[in-house]
Amino acid sequence: MKNNKDLLLAWLEQGPAALVLDTRVPGVIVPEPFYGLLNLVLNVSRKFKPGDLTINDWGVTQTLSFEGEGFHCSIPWEAVFLVVSVKARGFHISENIPEELAEKALTVCMKPMTLPFEKKKAKLKLSLVQK
């Protein structure tokens, strides 16, 4: 079974992807107003400027735009609990999902959804990883 890293690398070949993360996890670096959120959605892409996307065994780093200002974000894999790709028509829920969201996750994920980088709704495939 693939992990978040492998899926993200594959899906980014097809277009942007969204990472949903718990900003309370140590090591997360995002703009201060977003600290403490348990479900921050960040879009990542190989095409975003300045082109500094890094994906490794630790996690993901990239300069992202927040209200027109660039901010270099650092996202450890431990914080990521959902990876979504509309182009690949799939999403992956990992065991890192916060307890506060776990019960709602399957109900929400089974509904069609629109991501910030897509204008139309798409049906997504579910991949649930359990230890």
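Residues 24 or more positions apart supply 53% of the contacts in this chain that have a separation of 6 or more. The model is predicted, so please read the points below with that in mind. Of the chain's 131 residues, 46% count as buried. The accessible surface comes to about 7,800 Å², and 54% of that area belongs to carbon and sulfur atoms.

**Overall layout**

- The secondary structure amounts to two helices and seven strands.
- Followed along the sequence, these elements run α-β-β-β-β-β-β-β-α.

**The three-stranded sheet**

- Strands β3, β4 and β5 make an open sheet in the order β3-β4-β5, and the pairing is antiparallel.
- The edges are taken by β3 and β5, each of which has a single partner strand, so one side of each is left without a neighbour in the sheet.
- In general, the strands of a sheet pair through backbone hydrogen bonds, in either a parallel or an antiparallel way.
- Here, β3 and β4 are joined by two bridges in the antiparallel sense.

**Q62, a residue of β4**

- Q62 belongs to strand β4.
- Its relative accessible area is 2%, so Q62 is buried, given that buried means under 20%.
- Leaving aside residues up to four places away in sequence, Q62 touches V44, S45, F48, D52, L53, F71, H72 and C73.
- One of these contacts, F71, turns up again among the aromatic rings described next.

**The aromatic cluster**

- Two aromatic pairs are present in the structure.
- In the pair of F34 and F66, the ring centres are 5.4 Å apart and the planes meet at 40°, so the pair is tilted; an angle under 30 degrees would count as stacked and one over 60 as edge-to-face.
- This pair links distant parts of the chain, since F34 sits in the loop between β1 (17-21) and β2 (40-44) while F66 is in strand β4 (residues 59-66), 32 residues apart.
- F66 also pairs with F71, this time edge-to-face, with 6.4 Å from centre to centre and 90° between the planes.
- Together, the ring pairs link F34, F66 and F71 into a cluster.
- F66 has a relative accessibility of 17%, so this residue counts as buried.
- F34, at 24% relative accessible area, is partly exposed.
- F71 is likewise partly exposed, with a relative accessibility of 29%.

**Backbone features to check**

- Most residues other than glycine have a negative phi, and most peptide bonds are trans.
- The bond between K49 and P50 is a cis peptide bond, with omega at about 15°.
- P50 is located in the loop between β2 and β3 (54-55).
- E67 shows a positive phi of about 50°, although this residue is not a glycine.
- You will find E67 in the loop between β4 and β5 (69-76).
- The relative accessible area of E67 is 85%, so this residue is exposed, the cut-off being over 50%.

Methods: Residues numbered from 1 in each chain as written. Predicted model: local features only at pLDDT ≥ 70, side-chain atom pairs only at ≥ 80, totals over all residues. Heavy atoms only, no water. Phe/Tyr/Trp six-rings, centres within 6.5 Å; stacked < 30°, edge-to-face > 60°. Helix = DSSP H or I, 4+ residues; strand = E, 2+ residues; numbered from the N terminus. Buried < 20%, exposed > 50% of the residue type's maximum accessible area, 1.4 Å probe, protein only. Contact = heavy atoms within 4.5 Å. Areas by Shrake-Rupley, 256 points an atom, 1.4 Å probe, with all protein chains shown as cover. Pairing = 2+ DSSP bridges.
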